[in-house]
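Work through the exercises below with the model open. Try each task before you read its solution.

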Amino acid sequence: MQQNEDVIAVYSRKSRFTGKGESIGNQVDLCRSYIRSTFGEQYADRAVVFEDEGFSGGNLNRPGFRKMMDDARAHQFRAVVVYRLDRISRNISDFSHLIEELGRLGVDFISIRESFDTSSPMGRAMMYIASVFSQLERETIAERIRDNLHELAKTGRWLGGTTPTGYASESVRNITVEGKCKKACKLKLVPEEAEIIRKIYHLYSRTESLSETEAQLLREGIKTKTGRDFTRFSIKAILQNPVYLMADADARQYFLDRDAEVFSPLEAFDGQRGILVYNRTHQAKGRATVYLPVSQWIVTVGQHPGLIPSGVWIRTQESLERSKCKSYRKPRNSRALLTGLLLCRCGSRMYPKNTSRITDDGRPIYTYVCKAKERSKGSLCSCSNVSGNALDAAVLEQIRALPEDTGALVSRLSAHRQFYAGQQNTDLPAQLRRQQSEIQRRIRALIDSLPELEDSAAALHVKERVEELHAQAATLRSRLSALETPPGPQALWGPRQDTLARRLAGLQSALDALPPEQLRSVIRAVVEKVVWDGRQAHVVLWGAAYEASPAEHPTLPEQTHLREDSK
């Protein structure tokens, strides 16, 4: 067996940030103290720390834990020290497999709170017994949470988070029998948004098509509450949300027939108020939201007014269920090479769409279609489609034609830059400044919300979002600076161009032998984007200096003629 490095790892975890108690920092400090007293000062100084904050111990899907196990498999340390057993796992099965794998890798496991010694049979047995109690505690917590959901269901409270379109959150204060003031939230109607919801249900009831509903909303310029265009996915989420359902006897029977736990009594289903559902989703940090089956829902009548009659809402669910088999699915094993790189002149991405035809040599024929054109049924964009087979082949030919010689590549990029220096989008600086102002507004709004969140877990996410917005603002400042102060000739060649030259070295000769998956990677290493203007494609290489407006590019009669343009 390969020898493990003489290093000790420290692992710490906490389900949510509180800034007190057994925090991540406290756990690490206690583990370092243990290492210092047991192994020596040099081991404490060299200890490698792996941290997971905001992750449950119910599973092992945690980034810090996965990194630790990768390093263990690479034999980069000889022992793992944790503050307490349940910091590593609260699941017996996961814990058992973990200890077995660490044993195979020759890595000792040490829990300083329980003082386990994995080198003896009794120590291992006691550790498994403690793991049983950790799982028991986790399951007890889960049961307690469900009991709390039942208590909340009695009140019909809105628990917070992003409010559904059509409603806003409203704070309500109640005085208890002990004279204490309790604060809660409920949903209140936003009339202008409520009309959009009714329109979406009306359009879908008429067409029974998500794409047709989407196209009509785009044609009418109707936006979401955040100012974005509606998509099929956001429309479907609205159509499936029971919050809009008017609570009447038919609605109650719908949930009972699907084994949901209906908490409110029959007389509460008055046909006026809406429905609230608890335990509808399972959310875990770092994972997509999972929608639970109706049989696991806790259904109650809310305090908000309903919007959609039960007959319409139930027919909509039945229609969506029937449409599952007809929904769009991404083509498998597509030979398209420019997916994710190809942009239409309108700024939307173009995606490959398979046809039923094949080429003379038996390959499927596909076309690239503008997403905005497809979604709006041609009302937002009228740009022609482009033959995917011909465009991919032409881009590969352009890559083959690029000079590997650095001096020749400098000359080529310089010529392109001079050609487009007079064709920059004069509106772009103004657009970037507007984006800067919007980002600053959002940063101020998030910062203003922090005092209300205090020490809640949401405060951590708000801070992370502020950092992301600051990074976006810095990127916008850099782009503005580049646009307002064009670089001189001496600045043409730089790190990005060096990277491009390295990527091109020896590349052309290997293209013919590569499968589609590797060809896509090769193209992404050299090409930043490709813009289709309806008659010709413009290839933008990594390392170009300017960003030109695709709509202003001169056109040529040949459909598959390409130019190498500077960004």
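## Exercise 1: A tyrosine pair

Tyr244 is buried at a relative accessible area of 1%; buried means under 20%, exposed over 50%, and partly exposed in between (1.4 Å probe, protein chains only). This is a predicted model, in which local features need pLDDT of at least 70, side-chain atom pairs count only at pLDDT 80 or more, and totals for chains, interfaces and linings use all residues. Residues are numbered from 1 along each chain as its sequence is written, and side-chain values use heavy atoms, with hydrogens and water left out.

Solution. 
- Start with the cut-offs. Rings of Phe, Tyr and Trp (its six-membered ring) pair if their centres lie within 6.5 Å; planes under 30 degrees apart are stacked, over 60 edge-to-face, and the rest tilted.
- Helices (H or I, at least four residues) and strands (E, at least two) are DSSP runs, numbered from the N terminus.

## Exercise 2: A phenylalanine pair

Task: find the geometry of the pair Phe50 and Phe77.

Solution. 
- Count. The structure holds 10 aromatic pairs.
- Compute. The ring centres of Phe50 and Phe77 lie 6.1 Å apart with planes at 55 degrees, so this pair is tilted.
- Locate. Phe50 is in strand 2 (residues 48-53); Phe77 is in the loop between helix 3 (63-73) and strand 3 (79-82), 27 residues apart.
- His75 is found between helix 3 and strand 3. His75 is not a glycine, yet has a positive phi of about 60 degrees. Its relative accessible area is 10%, so His75 is buried.

## Exercise 3: The surroundings of Trp297

Task: which residues form one aromatic cluster with Trp297, and what does Trp297 contact?

Solution. 
- Place. Trp297 lies in the loop between strand 10 (290-291) and strand 11 (298-305). Its relative accessibility is 8%, so Trp297 counts as buried.
- Contacts (heavy atoms within 4.5 Å). Leaving aside neighbours within four places in sequence, Trp297 touches Pro242, Phe255, Ala260, Glu261, Val277, Tyr278, Asn279, Arg280 and Leu292.
- C-alpha distance. Trp297 and Arg280 are 17 residues apart along the chain, with C-alpha atoms separated by 5.5 Å.

## Exercise 4: Helix 12

Task: how does the span of helix 12 compare with the expected span, and which of its residues are buried?

Solution. 
- Span. Helix 12 (residues 388-401) has 14 residues and reaches 20 Å from first C-alpha to last, close to the 20 Å expected at 1.5 Å a residue. The expected span is 1.5 Å times one less than the number of residues.
- Burial. The buried residues of helix 12 are Gly388, Asn389, Leu391, Asp392, Ala394, Val395, Leu396 and Ile399.
- Whole chain. Buried residues make up 42% of the 567 residues in the protein chain.
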